[in-house]
Amino acid sequence: MSQTPSPLDFLDLDRLLGEEERLIRDTTRSFVHDRVLPEVAGWFERGELPRELAKELGDLGLLGMHLQGYGCAGTNAVSYGLACLELEAGDSGARSFVSVQGSLAMYPIWRYGSEEQKRRWLPAMAAGEVIGCFGLTEPDFGSNPAGMRTGARRDGGDWVLNGTKMWITNGGIADLAVVWARTDEGVRGFLVPAGTPGFSTRDIGRKLSLRASVTSELVLEDCRLPGDAVLPEVRGMRGPLSCLNEARYGIVWGSMGAARACFQSALEYATTRVQFDRPIGGFQLTQQKLADMLVELSKGTLLALHLGRMKDEGRLAPEQVSLGKLNNVREALAIARSARTILGANGVTLEYPVIRHANNLESVLTYEGTSEVHSLILGQALTGLAAFT
């Protein structure tokens, strides 16, 4: 006789996972439970992310985990996605740190760097000893990164960079910035170590979203780099856009972690909060909200798993990642908002995770491509007509 499905895995997706995938998921979940959840409300309130978290995440093998060699764990894409889901169930800031480190800072070195660059940086980054950031977005060029003004010119055997990057996760704590700049040869990627003369950062304050994450401005003023600081294996926007696609894939999973945390909180609250002499979970309107949340959480997680299997088979197209990012972040935000209504006034306090996730998801909705941009990517895939220009 069949049992009532588990509320947190209603479609029994656990059975679709391999043993190693479950182990990575459970290890990450335990880390979040023991290390992140007890502290994250305070981190969010104070606007900080402890730097020592990098080493702890490195010890678990979560940094650059989907890359092969150079101290990286070499897991499959589904395992990486599961880790992102569990990290974001803790906080979007934790998942953002891992995503930026692995998919935006380590990936371009691994994919486009020289052998010397890989050996110098990747093992230390995988261990969490070196923190990286990704400098693409500029104050006036977010959704249109190809319009960037940051430039690099040759001066003898060196490169000299000038420009400003904005909204850079990890920027103020990074030991290494991967900065994209215009050159006479097209857009190129440069490795800029912290402390390089002419390179400075300024943290962005007064955020009400992603507070447990460092967001910064990068400033390059006649920043001189040696000739071997450039990534040799890529030219043009293909380089940074391929990195963004890696990060967007992690968001497809991570957003479902935030959604699950909100759903779980709302479900527990609904079965214990009493109004009119009965638990509010016994009222039809509350059950309607919970049922809708469950449906979208289940669909979104199944979508993430399907895209992960496609990625592992080498047949995942960027447009399909856009579909996943568009749907899952949009639905995660709707789940967070609905969960907030179930918690009532308690839903706006940091005693519960819901408002923190809801605020964070407002940023996740925007970064790595806004919903509008991903809609236009899908529109172009459907019609063959570009609506960007």
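A salt bridge is a side-chain nitrogen of Lys or Arg within 4 Å of a carboxyl oxygen of Asp or Glu. In this predicted model, the count by this rule comes to 25 salt bridges.

| Pair | N to O distance |
|---|---|
| R46 and E48 | 3.0 Å |
| R260 and E86 | 2.9 Å |
| E246 and K311 | 2.8 Å |

Start with R46 and E48. Their side chains meet in a salt bridge of 3.0 Å, N to O.

Now take R260 and E86. Their closest N and O atoms are 2.9 Å apart. This pair links distant parts of the chain. R260 sits in helix α7, residues 238-272. E86 sits in helix α4, residues 77-90. Are R260 and E86 buried or exposed? Both are buried.

Next come E246 and K311. In this salt bridge the closest N and O atoms are 2.8 Å apart. E246 lies in helix α7 and K311 in helix α8, residues 284-312, so the pair ties together parts that are 65 residues apart in sequence. The partners sit in unlike surroundings. E246 has a relative accessible area of 9%, so it is buried. K311 has a relative accessible area of 23%, so it is partly exposed.

Salt bridges can also share partners. Here, such bridges join D14, R22, R25 and D26 into one network.

Definitions and conventions
Residues are numbered from 1 along each chain as its sequence is written. This is a predicted model: local features need pLDDT of at least 70, side-chain atom pairs count only at pLDDT 80 or more; totals for chains, interfaces and linings use all residues. Side-chain values use heavy atoms; hydrogens and water are left out. Helices (H or I, at least four residues) and strands (E, at least two) are DSSP runs, numbered from the N terminus. Buried means under 20% relative accessible area, exposed over 50%, partly exposed in between (1.4 Å probe, protein chains only).
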